[in-house]
Amino acid sequence: MHLFTPNHVSIIAACYPSSSALASSGPEYRPNAQELSKLTYYAANRPGKINKLGGELEKRVKAGCHKAQYGNVRARASLLITLSVLRALAVECRRDISLLSPALVACLKVTLDSLSSDLEVVARAASVFTAWCTFTDGHVIEADSNLARDYLAVLRRFAQLSTADVKSVDHELRNRTRLVGLAALTGAVNSEALYCSSNQYKPQVSIISRALLFHVMNAELSVLDECAEAIKSNATSIYLAEFRSRPAIERRAASIHAHIDGESGPSSSDVLNTSLRVLQHMVQHSNGAQMGLLMQATFEGLDHLKVWEKLDQSRWLAQKACEWAQYQYRYAVPTRLVEQLLLIQDSSICTAQHRALATMVPAVFTSPVPLVNLSTSDIISNLITLVLRRVSIDPQDDLLPSLVECISSLGTHIYYSDQIQDLASELVSRLVTVDMQGVTGRDKEPGDRRRSQAIRCLLAGLLGLMRAADGSQMVSDDKNPPKNIPSSSIPQNNDSSQRPPSHLSRRTRVSGEVWHETLSLLCDGDYSVRSDYAHTLVDYLRKEIPKRGDTTDEDGVRRSRPLIEGSPTHQANSIGILLYGDSATRSLHATHAYLFMLATTSSLGISFNSTPSPAYPTSGDVPSIGVTAPTPQNESGLVNGHSTDPQGSYPARRSPGLLARTRKSSNAHRLLENIPEKISAATSASLSDYALILYVLSAIHEEVPTRGLLVGLPMLMALHGTTEVEDGTNEASKQRVKVIQELLARVWLVLGRVWECSELVDLAEKALSTMEAAPTLPPLPEFIPGVLRPAQTEVRFPPIEGEGRVGPWSNVNAEEALAILASAKSVQEATGLDRQGLLRRCSAKWTVDMALRDSADRPSNHRMMEGGSPLLKLSPALMAIENLSLQSLTRSVRGVGVSDLRDALEGRAGASNSALVRRPSVSTLECSPSLDLRSSPLGLTRSRSRPKKRAVTTSAGEVRDVLNRLGIGKQNGSSLLKASFQSPA
């Protein structure tokens, strides 16, 4: 050694064996232990010398690599010893690792660039890299651009080694090479250098994930499951068991070896196990923002490897990413999947990436892994946008069924009771928009096909969403094909063993107000839309529609409940729901109106103007389509043709849902012009349409029997009236008359079975026995809820050739059937009406216009409030009960107001509150409720004369006391109270 050699150089040189002993220092190639101890002590106590030590070691590495490339054994041995010295310095100088980092990473880069094929050298370099990753905090990478560049180059080299395909018959050598690379990647994944900076996270994770995905996507699904279970049962890392469990100063770096004598060579499953463990650690340690970057890097890796076609592995990967992610960051997985679909939505064809991403989304949602912080409204909005975009590109796009499945699977994650109703409202809102405005495409061909396909996709997603929310298996376990209608009518309501078990759910059911917007699709111009919507409507009736007043099912079993049972308050509650209507009853009114139009109109299809409605403000402040809240109590504008808010107390600006309903109502009235008084050959409905009408009516009478009876029987009588044609009618008209009378006979048969009325059943079966000759109602094809099926074609009426004639038949006498049904004890008990009352109610005049008006009207003062108890008036009998007040009787979301008091009190002209000084309301003391609600919304008829008025059992003081409790000022004068409903005798 030269006399003037620097001290740090002398200390380093002393660590090496003599030049003659270098070649024989193997197989360990270790530095002299005593001299190495002096070197590490020198560096630890003199941090200022670390830069010089690193520079000297870098010179030795470059020289050794240059000579070792040409087979110099001594140079190779010296290089291995130098790498050992670097690792010792990294471990002992962990407090000052940032000072050594530039030289250390540069040495690794030179080594891997020069001798990447020498497995022993690579293993020694990987051991140094792991030691540095263990103790660095990562901040030095962001501060030094040269260091960051060298670090990424080293990381890229190890990633290439982890996927290396060594050209040798020895598979153990290939697996050892891959394990060495994966060991180095494990050190990087468990290092603070990966997570400390978001700027450095993306390039690192792109390199690492691509290498890991190579092993995951090329493995069999069964092998992946086995390795995942092995990782779960043995969560301890074989390389860095104590990572992050201790402070950096107390950590121990793993030592990596190419081979240990006595050990058998690694297998392919060992390589896959290590890859999954590295991937698990990377996912587990990432926060929300990093999870998004990781998912983006995953997409890029899958695209680079061209493995999107492997759908099973893709679904497995998405599920495990959710399972391994931190609980509060799992939402990033499905969110990024949907966003990636949005990024590639404009592709003209459905690629393998589209299919893979669309299968990964439902795989995440249907997995048992819980998700939090998930914005379901944003996801469903994006999915709907995707559906409409793909439909605009190609109505028959292969991606559409998968997107429908994505929408349906979103119903498996419920975070609050109104979530499904909110999501359904979003779907219905967009569906109404498509119904009115259609879907624009790239070409100039008519958009009817696009509009129909978009509507069918949204309907399938809506039904699948509701089914998934109830825990149903939409595809494999819950097939619900309609029965063969002509031969066996409709499944029995009484046999509970034939019905699928009900799934109790605490979620809010989709209200009739939301569903009301879609009912016009029953008269759509495209049969495939009518067919899909009819099946969706039947499923809604069977599983979703509110059945309050029809059934009581605390244990999930449907049972009829007579109205004569229970307290007077319960009786008034139920009769108010059934007669005056809640959202379900109003929906049934509209349903029967559209079914009648479908059966009789000569022109199906509603034309909607795509131009903006003038009802929107001209300022451009147009509400966006989204989850539309229910319309306020008095926001409907007109009730029976009279304004309910003449003072303009509500804003003139109307919601999109109300505008859509107004436009739909206007167009529905246009259809009324095409409804003839009698059935003719010009009627547009096909045989399949009449089968759908029977399917819907049967579901109504089975699922909501009491409502269906009170709302639907007048429509049936009106439909009977349209079939009373003259004898000279042409044969084509007789064809339709026969089919409609067969439909009505089958509906009477269903009514007889539901209400256990054997006489009505016999009457209907007798009529059906004469209708065997064609044409008869065709069977409906199988329908799987939540699945986008191919567009259905309708069965039309067969042509009448030559002088062919329709065979004779006998129909059900409507008056006789109604009389039998009205005499049934079960019907009277369920409705609380006697025979005369039922006859008067069900034989009342019915028109489509009246039904649509009843469906649009909100409950007035003489009707019940939506979602709460009926608005009971303060009767003297109820006021006499202790601790009973209006506030305890009316549990609605709206507080008691002045209008309620005005209706409760009889003409307070002398009231101190000016809001009460209005025209007195109609007295009902001498009137009884009429069952014919068509003639007047009040429905009052004069009762029999009485010798004298009924005495009032309350005093003015009690009324004043109630008013004071409600916060209304002191009242003067006497009061006269009235009751909304008469108590049944």
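Predicted model: local features only at pLDDT ≥ 70, side-chain atom pairs only at ≥ 80, totals over all residues.
## Packing of α6 and α9

Helix α6 spans residues 119-135, and helix α9 spans residues 171-189. Their axes lie 8 Å apart, at an angle of about 15°. Angles under 35 degrees count as roughly parallel, so α6 is roughly parallel to α9. The crossing of α6 past α9 is left-handed.

On the α6 side, the contact is made by L119, V122, A123, A126, F129, T130 and C133. From α9 come L173, R176, T177, V180, A183, A184, G187 and A188. By type, the residues of this contact divide into 11 nonpolar, 3 polar and 1 charged.

## Aromatic pair W132–Y151

The structure holds 11 aromatic pairs. One of them joins W132 and Y151. Their ring centres are 5.5 Å apart, with 50° between the planes, and the pair is tilted. W132 sits in helix α6, while Y151 sits in helix α8 (residues 145-162). The pair links distant parts of the chain, 19 residues apart.

W132 has 0% relative accessibility, so it counts as buried. Y151 also counts as buried, at 1%. Both rings belong to one aromatic cluster, formed by F129, W132, Y151 and F158.

## Aromatic pair W515–Y540

W515 and Y540 have ring centres 4.2 Å apart and planes at 5°, so this pair is stacked. W515 lies in helix α23 (residues 512-516), and Y540 lies in helix α24 (residues 527-543). The pair therefore ties together parts that are 25 residues apart in sequence.

W515 is buried, at 1% relative accessibility. Y540 is buried too, with a relative accessible area of 2%.

Definitions and conventions: Residues numbered from 1 in each chain as written. Heavy atoms only, no water. Axes fitted to C-alpha atoms, helices over the stretch in contact; angles between N-to-C directions. Helix = DSSP H or I, 4+ residues; strand = E, 2+ residues; numbered from the N terminus. Parallel < 35°, antiparallel > 145°, perpendicular 65-115°, else oblique. Left-handed = near helix turned anticlockwise from the far one by under 90°. Contact = heavy atoms within 4.5 Å. Nonpolar A, V, L, I, M, F, W, Y, C, P; charged D, E, K, R; others polar. Phe/Tyr/Trp six-rings, centres within 6.5 Å; stacked < 30°, edge-to-face > 60°. Buried < 20%, exposed > 50% of the residue type's maximum accessible area, 1.4 Å probe, protein only.
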